[in-house]
Amino acid sequence: MKKLINKVDDVVPEGLAGMEAAHPDLIKVHYNPNFVYRADAPVKGKVAVVSGGGSGHEPMHIGLVGVGMLDAACPGAVFTSPTPDQMLEATKAVDGGAGVLHIVKNYSGDIMNFEMAADLAQAEGIEVESVITNDDVAVMDSLYTQGRRGVGTTVLAEKICGAAAEQKRSLKEVADICRKVNGWGRSMGMALTSCTVPAKGSPTFELGEDEMEIGIGIHGEPGRERMKLKTADEITEILATAVLDDLPFKSGDEVLAFVNSMGGTPISELYIVYRKLTEMCKARGIKIVRNLIGAYITSLEMAGCSITLLKLDEELKKLWDAPVHTPGLRWGV
Amino acid sequence: MPMTKDDVIRCLGTIAVVLKENKEYLTQLDAAIGDADHGINMDRGFTAVMDKLPGVEDKDIGTILKTAGMALVSTVGGAGGPLYGTFFMRAGTAVPNKYELTNGDLVALFEAALDGVVQRGRANLRDKTMVDAITPAVDELRKAAAEGVDTVEALRRATIAAEEGMKGTIPMKALKGRASYLGERSIGHQDPGATSSYLIFKAFLDTVSTHT
């Protein structure tokens, strides 16, 4: 294992300490239990948006805390759901009296831990709503499994719900917007290489020099199919077709196109993918009116990308454009 | 001979040792069909349990087990944290204020633990999860208690049943948890959660057989 770390056990806390040192104007960090929260939390009368998940996907979630996005994020160990005490303390720290929305990706661990935390918070008199994101179209037989995984749409939902919360909308409204975003977003990813969890020290899976995994999960979970490596255009075609066919995106629809790096793929290659994606959308009469290109939901150093398409209406466009100021995403400020 | 409070403390100690010894093995099983962290997480959790035990070692068995469960919930993470945390918390709730456990108490303890796991994880038998190891073990404990055999024999039968249940997960297709995403590709792999559950029953057996 070749990594820029000191001790394996210190990977998460030392990363948090660095982030705290870099962005004291935006965030604060609480240790034991670990969570990152807005520097000005709690914001009185505003719904607080809280998320969390295993570490190793940065900037999601801890790098997306700040004005216009998350109020708090709970980092677990690498690729491991955080624990209920983290979520409970984070929820209490950011509750401004208007309730707290938990955005939870659809993984059994995340759901069970957030469920326990929501029970505990409610027992302490805090109103909590939970919305589960499950946008990964790679999972085909979702009726017979844990269901679709929460991936790229989660980042978009956090941005949009954060903006809705800033407008002082009610907990129910913010949760409804979150459900709408999840319902209108679809994603699929692929891997060119594996990744190495620091505590394990060796790659999560083996992938030959001339192979790729289509439909990979963000923890290296296998996807739809392992196949011989293809060109960027062919890969984009496979991913985008699966995404476009899943949600009946139709001619005339406006979408946000999100091309994401799994961590090891450079932005220059993401633009090659985006170029092909625009051609494909154009051919189907779908208008890309917003985009996000870069590494936002990663899988450590895995090379590969994911494509997310989110259908937009006027409300979602406005919320997307609203100012956001976090370590990982910033505009309008 | 009933199990004493000190036996229960020794059991938890044995579990901690066994999980540390099997950390790499459980993680390897998890790497094949999950996310390669089960052994690491369980070891971290039981290390925390061992840290908490000195504070409650004079208390009753219910309190000791609940304390272990809470330590697991707040340190393990993943799916294992809420599941094993609930397992030990419910186990403790089933035997309040007791300093000794009859075979009947053991049945009540493990039945409550299993119910908690099923509720929290919403898994059914044959979904390829820890439920597949725990359920047959609890069935054997119940039968053994009805027959009136001693604790060592009851735990021996339960452990054999857990081991068979664990091995029985190999040909199953996973329907819950991260392994479910593999579909057919999960067939042929032993479930890591069922494996850690078997190791826990075996730790109970090994502790009790060496001390009676």
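## Annotated domain and basis of the model

In an unreviewed UniProt entry, the annotation "domain: DhaL" is assigned to residues 6-206 of chain B; UniProt positions are given in the numbering used here, feature names are shortened, and annotations may be inferred rather than shown by experiment. The end C-alpha atoms of this span lie 14 Å apart, and residues 6-206 of chain B are 70% helix and 1% strand.

This is a predicted model, in which local features need pLDDT of at least 70 and side-chain atom pairs count only at pLDDT 80 or more, whereas totals for chains, interfaces and linings use all residues. Residues are numbered from 1 along each chain as its sequence is written, chains are lettered from A and ligands numbered from 1 in the order in which they are written, and side-chain values use heavy atoms, with hydrogens and water left out.

## Chain B

Chain B contains 9 helices and 2 strands, taken as DSSP runs numbered from the N terminus (helices H or I, at least four residues; strands E, at least two). Along the sequence the elements of chain B follow the order β-α-α-α-α-α-β-α-α-α-α.

The C-alpha trace of chain B spans about 45 × 35 × 30 Å along its principal axes. Of the 212 residues in chain B, 60% are buried (under 20% relative accessible area, with a 1.4 Å probe and protein chains only).

Contacts (heavy atoms within 4.5 Å) in chain B with a separation of 6 or more come, for 69%, from residues 24 or more positions apart.

## Chain A

For chain A the secondary structure amounts to 8 helices and 14 strands, and the C-alpha trace spans about 50 × 50 × 40 Å along its principal axes.

Buried residues account for 59% of the 333 residues in chain A. Among contacts in chain A between residues at least 6 apart in sequence, 73% link residues at least 24 apart.

Conventions. Buried < 20%, exposed > 50% of the residue type's maximum accessible area, 1.4 Å probe, protein only.
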